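Here are a few friendly notes to read with the model open beside you. Take the points one at a time and find each residue as you go.

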There are 2 protein chains.
Amino acid sequence: MTEKSPGWVLTVKVSPPSLNDNTADADRLINELKSVLKTDYIDIDLSLLKNLPWRLRKWDYQVRCVCFKDRNRWKLVGLKGINDAVICAGIAIDLGTTRVVLRLINLETGEAINESAFDNPQIVIGPDILERIHFADDESGLYKINRLIIDGFNENITGLCGKSGVNIQDVFLLAVSGNTSMTHLFLGLPPNHIIREPYIPVVNTPNTVLAKDLGIAINDNARIFIFPNVGSYFGGDLISGIIFSKLYQQEDISILVDVGTNAEVVLGNKDWLVACAGAAGPALEGGVSKIGMTAKPGVIDRIVIEPELDIDLHTIDDLPPKGICGSGMIDMMAQLFLSGMVDIRGKFVAPKCRERLKESDGIRRIVLVPSDASATGKELSISQVDIDSLIRSKAAMYTILETIVRYVGITFDNLSMFYIAGTFGSFINPRSAITIGMIPDLSEETYHSLGNSSLGGATMVLTSQEALDAVEKIRDRITYLELNVNQEFMNRFSAAKFLPHTNPSLFPSVNIESIEKSN
Amino acid sequence: MTEKSPGWVLTVKVSPPSLNDNTADADRLINELKSVLKTDYIDIDLSLLKNLPWRLRKWDYQVRCVCFKDRNRWKLVGLKGINDAVICAGIAIDLGTTRVVLRLINLETGEAINESAFDNPQIVIGPDILERIHFADDESGLYKINRLIIDGFNENITGLCGKSGVNIQDVFLLAVSGNTSMTHLFLGLPPNHIIREPYIPVVNTPNTVLAKDLGIAINDNARIFIFPNVGSYFGGDLISGIIFSKLYQQEDISILVDVGTNAEVVLGNKDWLVACAGAAGPALEGGVSKIGMTAKPGVIDRIVIEPELDIDLHTIDDLPPKGICGSGMIDMMAQLFLSGMVDIRGKFVAPKCRERLKESDGIRRIVLVPSDASATGKELSISQVDIDSLIRSKAAMYTILETIVRYVGITFDNLSMFYIAGTFGSFINPRSAITIGMIPDLSEETYHSLGNSSLGGATMVLTSQEALDAVEKIRDRITYLELNVNQEFMNRFSAAKFLPHTNPSLFPSVNIESIEKSN
């Protein structure tokens, strides 16, 4: 008499007690759930027990049960009558350093109800993760920075539920995907050893946490699932991305790349997973160049340089330009190279740049937008320093990819899919990234942008038991490859510091000869 | 490098982190514990995580871990440095309706440190369990009666720890053994369905509870183990008694009897357990006769009637008599019968009673203590009504024993041990109980008083993993026999309402012929 929904809500009909069957109310319900969930143990919280007798009787022994697993142990999290019109809800959370995204989920149907996003309130402490960790070095700092994000959640969860007609008391599950440091600050755990040799998190695989223990104002019994991390520099958001990409289920070998301040890479298939992380340089995040910024309205995201060397810029929402994002930088770099305005070392070629090339304090720059055409009233330009930094970043990226692929004894040609995660992945033009030699010269169909895979994976955990089960297995299956910056790595890195590479045969699709001819 | 103590405290040496092994602090500790405990999962609370990094470093990665199991799932409950002189403590609790007993245990050595006891503060609501359940019918009543016992625990735990030099913050485990109603009132669970058909508890097998969730002021992470019950009338105190008696481990068949307002009986061996409970009459608890009371100083606990029919009374602590306890009643009944002062129906025999026999309002009574010799200044006497009530109780007891033994197809002769639990068991004279036909006519060596088996079982759970594991198995293995008060039961009951029985051949050791001759 029990029906199983696709998600975490089970509709159960319990046989009423009688003189012939005077099993206790809780055991009666648990026994029914046990047989449906095929498990020996289901935990039930004291606070749920207190209301159980009158609820069972009021609802005529027919209940919707929100159940969740804490590392293979089932918990009864919430109870609703079958005729209550209310939704049993969960919220998938991408807990980014900069931006936090919430997605409200109907736990019964698996449907996304609504979304909202807010800037991580910890930005007031510092936009950079390092500043925040230093701030949390003492107990009061940690308390303060933890309260910032908790208060941010409470405000935004209330807002999201309010506009969606969902009572916050009916939110029973949260799934939180963030990097290791963000997760620690969210849990109120001291992050100080993460950034100090030998780089030790407090915990890699936290248990699920009661919402009330974190001060999150949703249902008191609500459980918070936190994606486990592999280490200080390979966080739960990557595990979430692996879940979302389904890379771990596939026969063929794929690679998943998340680019931020660090590049985090996972390579593998259904049988094995190898991961590594390394500094690919903040240039790709738009953090280094003076005009670099994260993708938002008014930011340059695509560039084409016409044959006459006119620069054709595209900005997000077609607003007057105010800066350039990472994907815009890569586009620009590729276009500068293809147009001959920079050489294979990335140095400006004065005759090609013509009047766009300026110099002050001995540093050359190329003007993208003159001051009278920009949103800021200031000239938007890219200096030789910016370009050198970008080249180091792209070289690091390529070297990391090369290293991990060689480590498992394959070549790039063995990759069936190349997934790019995050906002960066949504905007990047793979053709440009190939042109500058940042990513390998594979067919464009191989490249696949995942969008917000961190949010996507968190959503899957709230809608599928299989996804949750996979999280733990994936975490335990990953071989983490410590990147040794040894002579061999440095040699590869040096070779990658050219456009596209010192060995152009690695990039046959980039027609280097025609470029050279045009110069 | 890890040493296992006999109890719930493990001394663990964790390898310090390094660049080659940057497993998180918590996972590092948990992995070590996992291999010692041979388990796949150990839960760790958020509040323990918060202090873990500096503790591990301060203690040079050598820790004492208090671990406990919540129905096969391990929990890390507490942490201490190996060089701290402090004791990791637990408290075994007999949660009686009338009296609560606490035993402070050193969890590392298993030794009992100290004990204390207090009257159950819920007595102010009513000495009787029914009154308390009615009082808890509404939420405010339940809250109030729950607070009474919780406050009582807090006061008495503080006192017990204080006089024993143990910090209450170093108390990590409680094991609570009580009947089903007491357990519900302790957990703050509504008990109202326990006493109403079809007699359904809220829960039979509660999870362990965090001390802070119940408001018990010991270590915040402390876990409270509550003995599971089999049903409304077969509580956790009986499971605790079974553990203590070791009946469930033996090859031979034994029986365990706990006598209170109800008689609760378990019969079995290492292969099977059958239990039943029935009203054996409050006469045995000293609750019915006007002068009946529970065993305490000044209460008559033994009686011998001399050949000249002088009544030789013994009181607890040899104080002037003020009442009579259950075991005293049984002694008296046996002596009245053996002296011929009552006949086989329990009726006073006037010529034998002589001047001790009085009558008022048509009810005869026999004076045990004249008013000038009692502590109360009032005559202490036993009426025909009291005796009739006692005979009904003893007959009920015998009938219950007969029924359960017949149910499994054996006879009393098959019993290797007859355990009697509780205070009643400590005082009862088996010879007297046999004489009146309350318990079967077995050799006196068969009878074994367990003392406070409820406290004893709770102590075992705090000192042995095997005992805890056994609890759940025992609970699930018990076949509960619902006593049908049908014609057959009533026939047996009627036959048992004689002294010792209508069929004296069942009691060969009671020399009925010599008694009859003396009359």
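1. Helices (H or I, at least four residues) and strands (E, at least two) are DSSP runs, numbered from the N terminus. With that in hand, look at B:P500, which sits in the loop between α15 (487–495) and α16 (512–518) of chain B. The peptide bond joining B:L499 to B:P500 is cis, with omega about -15°.

2. A word on the source: this is a predicted model, where local features need pLDDT of at least 70, side-chain atom pairs count only at pLDDT 80 or more, and totals for chains, interfaces and linings use all residues. Residues are numbered from 1 along each chain as its sequence is written, and side-chain values use heavy atoms, leaving out hydrogens and water.

3. Next, find A:R103 in strand β7 (residues 99–106) of chain A. A:R103 counts as buried because its relative accessibility is 19%; buried means under 20% relative accessible area, exposed over 50%, and partly exposed in between (1.4 Å probe, protein chains only). The side chains of A:R103 and A:T459 make a polar contact of 2.9 Å. Such a contact is a pair of N or O atoms within 3.5 Å; within protein, one must be able to donate a hydrogen and the other to accept it, and residues adjacent in sequence count only if both atoms are side-chain atoms.

4. Is B:K163 buried or exposed? B:K163 counts as exposed, at 52% relative accessibility. This lysine lies in helix α4 (residues 139–164) of chain B, and its side chain reaches the backbone oxygen of B:E115 at 3.4 Å.

Conventions: Chains are lettered from A and ligands numbered from 1 in the order in which they are written.
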